[in-house]
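Hi,

Here is the structure I promised to pass on.

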Amino acid sequence: MSWYVFALVDAPPHGPLGRGLKGALRARAAAGAFALVERRADVPPPELGSLRRHQAVVSRIANAVPAILPVRFGTLLDDDALDEALADREADIAEAFALVRHHVQFTWRGGAKPEVRHRSSDPRIPTGLRPAMIGATQPGLQYMRQLARRARGTPPSAFRPVREKLGRLVAMEKFEAAAMSRGDSLYQLVDRDGVARYERIARRLASEMPGLRLSGPFPPFAFAPDVL
Amino acid sequence: VRRGKGPAPPPKTAKQSTVRRGRLARERRPAAPRRRQVIPKPTLRAPKSAPRPRRVAHIVDEDQASVLDLIDNLLNKGVMLNADVVLALANVDLVYLRLSALLCAADRVMSRRGRAGGRSG
């Protein structure tokens with residue numbers, strides 16, 4: 001029987017931990033942190049119900065602890081593997097906790113949609129090669145373009161009002177260029193004490209800019225480094 | 001054979017009229033529709049005097065995250081795949097293979113691994 005890991009927290013929540021996906025949730029000390037785990041024999045299937053339950057557990061924990069580092073969905077480790085994965089990582093984990101402590105994540109989506117172009121109509125491809133090249137989505141090409149946009153760094157101008165008016169309430173920001181069926185995403189890390197003020201401004205902004213969609217607050221999924 | 005002086009009784013095969021004597025039904029005045037008793041409805045909503053502002057923006061603090069957020073939050077960094085494979089021959093287990101794989105885009109692990117040990121993921 002292995003441990004299914006939901007998150008690392010800097011301090012175990014007060015009171016009962018509640019349940020995980022099926023069984024009881026436990027706090028297991030490791031590397032100066034506590035791993036919130038559940039005994040499981042296998043990984044839950046990556047279906048919508050499992051994802052919802054997983055996120056619900058992580059969100060519930062996040063509301064009860066100062067700092068949380070969500071762990072990748074499907075992380076199932078036995079005792080030795082868990083200890084080994086966290087061994088000598090105290091400094092990294094402490095740094096990650098300091099980054100997300102007392103913070104939540106808001107997500108803005110919108111801006112450019114991923115570019116979809118038929119290869120057969122791409123003028124840069126020689127005519128003789130076009131009929132043989134089939135495919136409309138081109139995930140590889142999109143991935144390379146996404147990396148190129150990410151390398152350029154700055155979010156598109158559609159997010160400028162958001163960044164200007166909310167910038168002073170944002171501790172950290174992260175931009176993900178459009179990929180596949182997802183548009184551009186701007187993640188903002190906001191102090192919990194400033195959430196009410198952030199939401200007030202963000203509501204007004206979102207109503208003025210119907211092309212952007214706001215969601216949150218979430219645990220800091222986009223800002224938590226991969227510790228496992 | 002008729003006996004007596006009275007009028008002849010109707011033949012037995014004739015049916016008696018079912019219309020009641022007096023005014024015909026079509027001559028009667030139609031009955032006035034009964035007035036429905038007005039029962040005041042319970043006021044579950046606010047009066048419609050002031051129109052509510054139209055909600056254009058998405059709700060910020062919705063309880064249930066959308067599917068896109070769900071997938072983005074949980075699967076954006078990839079999925080751990082675990083599998084146990086047993087190679088058997090004639091119902092005899094010969095090889096046990098335990099697989100634990102991380103399926104994700106390369107840049108999700110390249111940066112950290114690159115910083116940590118200079119490896120390429």
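How much area is buried between chain B and chain A, and what percentage of it do carbon and sulfur atoms give? About 3,200 Å², with carbon and sulfur atoms giving 51%. Keep in mind that this is a predicted model.

In terms of residues, 34 from chain B are in contact with 39 from chain A. Three salt bridges link the two chains. One of them pairs A:Arg109 with B:Asp69, and their closest N and O atoms sit 2.8 Å apart.

Now for the side of chain B that touches chain A. Four elements of chain B each supply at least two residues to that side: α1 (67–75), β1 (79–89), β2 (92–103) and α2 (106–117). Of these, α1(B) gives the most, with nine residues. By type, the residues on that side of chain B split into 17 nonpolar, ten charged and seven polar.

B:Met80 counts as buried because its relative accessibility is 12%, and the cut-off for buried is under 20%. Setting aside neighbours within four places in sequence, B:Met80 is in contact with residues of both chains: A:Val43, A:Arg72, A:Phe73, A:Gly74 and A:Thr75, plus B:Ser100, B:Ala101 and B:Leu102. B:Leu102 is 22 residues away from B:Met80 along the chain, yet their C-alpha atoms are separated by 4.6 Å.

Cheers

Key. Residues numbered from 1 in each chain as written. Chains lettered and ligands numbered in written order. Predicted model: local features only at pLDDT ≥ 70, side-chain atom pairs only at ≥ 80, totals over all residues. Heavy atoms only, no water. Contact = heavy atoms within 4.5 Å. Buried area = accessible area lost by both parts, 1.4 Å probe. Salt bridge = Lys/Arg side-chain N within 4 Å of Asp/Glu carboxyl O. Nonpolar A, V, L, I, M, F, W, Y, C, P; charged D, E, K, R; others polar. Buried < 20%, exposed > 50% of the residue type's maximum accessible area, 1.4 Å probe, protein only.
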